[in-house]
Amino acid sequence: MAERKDGIEYEGNRVISADPDITTARIRPGTVEIGDGAFSDCKNLISVSMSEGLLKIGDNAFYGCGSITSIIIPAGVVSIGKSAFAFCTELISVIIPDSVTEIGKDAFSYTHLESVIIPGSVTVIEDGAFSYCMDLRSVAIPGSVTEIGLNAFNSCSSLASAVIPDSVTDIYDAAFYFCISLESIIIPGSVSIIWDDAFAECSSLKSVAISDGVTEIGEYAFARCTNLISVAIPGSVSVIGDNAFAACSSLKSAVISDGVTEIEEYAFAWCPKLTAVSLPAGLTAIGEGAFQECTSLTSVIIPEGVVRIESEAFAGCTNLESVVIPASVADIGEGVFRGCGKLQNINLPPGIDSACIF
């Protein structure tokens, strides 16, 4: 049977709801769970006191409580549910105890947290867990974490540093998208795939260290990182995805180690300062528009073993003067060198029609 005390409704040892105009919540001793949506949209709620013995904070438990400024989660809590504190727009600090093993999707999204320490008991940072925390300046990711989820820190625009431990195996789509204050990142060798958009639009990012062990760089992974100056791709990488480094307008140098077999479409397109690119032995295909409008590129040596260069791969490279194309190339798409007005020195393999490449 439900009972109400101090504006809070309990069912046994669970909180199930609260008065919408409640200002202070003191969770009574013996409570083990704050149920789904229990305090959702209690916009006047200023302070919350949780008692020891609490094990679970449910989905949307404090969703939209726009007056809470700080939360201390007591030791013993194991699970923080989906969107538990989402849209607590005045929340600036939270203490998460070592007992917590699960921080749900969007748990702290759209808050104003300034820093967060994720306890070593957490193994997965779920999708959107800290997304749109635009005042978040630092985050401590423990060595227990193996996955950084989709949009985990998306649009944390004040985040200046993030250390990714070598326990992490996957950095999922848009995990650090639009973290426009992030200046450097080291991707440890434990990471197998840097997923799509993982660091896209990180406009202050100057330094990226991709460790040997990474096998794939996803689509748009570092696109529009406009302050990135150089990148070295280790030999463990086999695929550089579509638009992976597109529109990195300060990128001057790309060293691509042996091991990469395919540079996909527009991977380095619109990098106007790119003056040097080292293409690896073992490369078999250069995708459509892969180096399109790299206007500072003056020469390219395509290694033996490449069999396909897709359309407009080097189109608009207005300062390109010489290209070496090996005999292994069997297929060249239309307009590969369209707009390359300075290109004078090019040797085409037998059977390739020069009329179609300009």
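What share of the contacts in the protein with a separation of 6 or more comes from residues 24 or more positions apart? I looked this up before anything else. Such residues account for 21% of those contacts. I note that the model is predicted.

**Entry: overall form**

I began with the secondary structure. The protein has 0 helices and 32 strands. Next I took the extents. The C-alpha trace spans about 85 × 30 × 30 Å along the principal axes. I then checked the radius of gyration. The protein has 26 Å, whereas a compact globule of 358 residues would have a value near 21 Å.

I turned to burial and surface. Of the 358 residues, 48% are buried. The accessible surface comes to about 14,100 Å². Carbon and sulfur atoms hold 49% of that surface.

**Entry: sheet 12-14-16**

An open sheet of 3 strands runs in the order 12-14-16, and its pairing is parallel. Strand 12 (115-117) and strand 16 (161-162) are the edges; each has a single partner strand, so one side of each lacks a neighbour in the sheet. I looked at one pairing here. Strand 14 (residues 138-140) is joined to strand 16 by 2 bridges, and the two run parallel. Serine 138 faces serine 161 of strand 16.

**Entry: strands 18 and 20**

I moved on to another parallel pair. Strand 18 (residues 184-187) pairs with strand 20 over 4 bridges, in the parallel sense. Isoleucine 187 is opposite isoleucine 210 in strand 20. Which residues form the covered face of strand 20 (residues 207-210)? I found Val208 and Ile210 there. Ser207 and Ala209 make up the uncovered face.

**Entry: strands 22 and 24**

Strand 22 pairs in the parallel sense with strand 24 (residues 253-256), over 4 bridges. The bridge partner of isoleucine 233 in strand 24 is isoleucine 256.

Strand 30 (residues 322-324) pairs with strand 32 over 3 bridges, in the parallel sense. Valine 323 is opposite isoleucine 346 in strand 32.

**Entry: cysteines**

How many disulfides does a search of the whole structure find? It finds 0. I checked two cysteines for the reason. The closest cysteine sulfur to that of cysteine 202 is in cysteine 179, at 5.1 Å, which is too far for a bond. The cut-off I needed is 2.5 Å between the sulfur atoms. Cysteine 248 gives a like answer: its closest cysteine sulfur, in cysteine 225, is 5.1 Å away, too far for a bond. Cysteine 202 is buried at 0% relative accessible area. Cysteine 248 is buried, with a value of 0%.

**Entry: loop residues**

Serine 99 lies between strand 10 (93-95) and strand 11 (102-103). Is serine 99 buried or partly exposed? Serine 99 counts as partly exposed because its relative accessibility is 24%. I listed its contacts beyond four places in sequence: Pro74, Ala75, Gly76, Val77, Val78 and Ser121. I also took a distance to alanine 38. The two C-alpha atoms are separated by 22 Å, and the residues are 61 apart along the chain.

Asparagine 243 is in the loop between strand 23 (239-240) and strand 24. Its phi is near 60°, a positive value in a residue other than glycine. Asparagine 243 counts as buried, at 7% relative accessibility.

Tryptophan 270 sits in the loop between strand 25 (262-263) and strand 26 (276-278). Its phi is positive, about 60°, although tryptophan 270 is not a glycine. At 33% relative accessibility, tryptophan 270 counts as partly exposed.

Technical notes
Residues are numbered from 1 along each chain as its sequence is written. This is a predicted model: local features need pLDDT of at least 70, side-chain atom pairs count only at pLDDT 80 or more; totals for chains, interfaces and linings use all residues. Side-chain values use heavy atoms; hydrogens and water are left out. Two strands pair if DSSP finds at least two bridges between them. Buried means under 20% relative accessible area, exposed over 50%, partly exposed in between (1.4 Å probe, protein chains only). The radius of gyration is taken over C-alpha atoms; the globule rule is 2.2 Å times the number of residues to the power 0.38. Contact means heavy atoms within 4.5 Å. Accessible areas come from the Shrake-Rupley method with a 1.4 Å probe; for residues, only the protein chains shown count as cover.
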